[in-house]
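This report describes a few strands and a metal site. Please look at the sequence and the structure first.

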Amino acid sequence: MFFLDAHLDLSMNALEWNRDLTRPIHEIRERERGQTDKPDRGRGTVCLPELRRGDIGLVVATQIARYSKPSHPMPGWRSPVQAWAMTQGQLAWYRAMEDAGEMVQIRNRAGLEKHLELWAVPREVGRVAPRAPFDEIQLGARGAARPTSSRPIGYVLSLEGADSIVMLAHLERSCEQGLRAVGPAHYGPGTYAFGTDSEGSIGARGRELLKEMERLNLILDATHLCDQSFREAMDGFQGPVWASHSNCRALTPHNRQFTDEQIMELIHRNAVIGAPLDAWMMIPNWERGKTTPEATGLKLDKMVDHIDHICQLAGNARHCGIGTDLDGGFGREQCPMDVDTIADLERLPTLLKARGFSPDDVEGIAHGNFIRFLRSAWR
Ligand SMILES: [Zn+2]
């Protein structure tokens, strides 16, 4: 089953975790043996070969750099300009992956269709069609079918937390570089919105940012917005909205997740919500660095609970997708115990079917809903 993962921090891992994501996962883990500077050292679950092995051929990949004022509770760059430079470095890594044929940037409808053809995804989303093994598929005029091991991973560039947008002109420049989605907030108070574990208004700068995003047809990523900023962003933005990696507060009570009311708002906006595999967001009372997957018995199947909750609110399965966040600063120590690498997503369709989801619904959740969203946003 082809997958679209709506949230990965690939370049952050490449540059700040110093991971060569073109290498096999066992090699990346091995090279981190003895390192203790990050909690997930030696336990990473994401690299390009594992994405290919799991048939995860399209991802939303971030640029991410926080600006921390002296009063900010989290670490970050000391100035917006430094944060901007960091995101430009991250872009340079994506460009290097493009040069190497490892990745390809998806920036418009034509690029999307061409990429889906390369990965042999049925053209009509929602249509149930058996997929022949890739090597047997003729790709028409473009010819040369490439083996699984060398197909480029498509990526839609997204900005997680907009602090690095020094002035609005930087947003237009980013858009020219291929940026297609922006989450104004991350953790704590940001320049343009308040994020997780904080509370406040988007203010004048947030409203200006949203207006400029509308003009540039950028997707608003509602993930990480605090409740007040979420409310104001929904009121102040008329363009396309998605939530790349968020779960349900009804199942995991924490401000990081969406209330049922917020989920309904997103559904009315035709949003698609990506389900993450970060353990503390999947079940209540997880203590980061203390709780273990084994102690809680957390398994991939828990993801289906959150997906199902959203489907029950919507009355259909058209608003759910995948946004694993599996490289978001954690590894096997903080994800379901039956997930060794991101390729284990391939077991999700079976779990969904066992819970009564139809083949069409499963396809929609795996990739079709986000693809439909992109087609509509870029029409
Ligand atoms: Zn995040």
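## Strand pairing

In which sense do strands β1 and β2 pair, and over how many bridges? Strand β1, residues 3-8, pairs with β2 in the parallel sense, and the pairing covers 4 bridges. Leucine 4 stands opposite leucine 58, which lies in β2. The model discussed here is a predicted one.

Strand β2 is also joined to strand β4, residues 153-160. These two strands run parallel, and 6 bridges join them. Valine 59 has tyrosine 155 in β4 as its bridge partner.

## The zinc site

Which residues coordinate the zinc ion? They are Glu160, through OE, and His224 and His245, each through NE2, at 2.1 to 2.3 Å. Along the sequence, the spacing of these donor residues is E-x63-H-x20-H. Glutamate 160 and histidine 224 link distant parts of the chain, as they are 64 residues apart. Glutamate 160 is in strand β4, whereas histidine 224 is in the loop between β6 (219-221) and α8 (227-236).

Technical notes:
Residues are numbered from 1 along each chain as its sequence is written. This is a predicted model: local features need pLDDT of at least 70, side-chain atom pairs count only at pLDDT 80 or more; totals for chains, interfaces and linings use all residues. Side-chain values use heavy atoms; hydrogens and water are left out. Two strands pair if DSSP finds at least two bridges between them. Donors are N, O and S atoms within 2.8 Å of the metal (3.2 Å for Na, K and Ca); water is not among the atoms, so sites may look incomplete.
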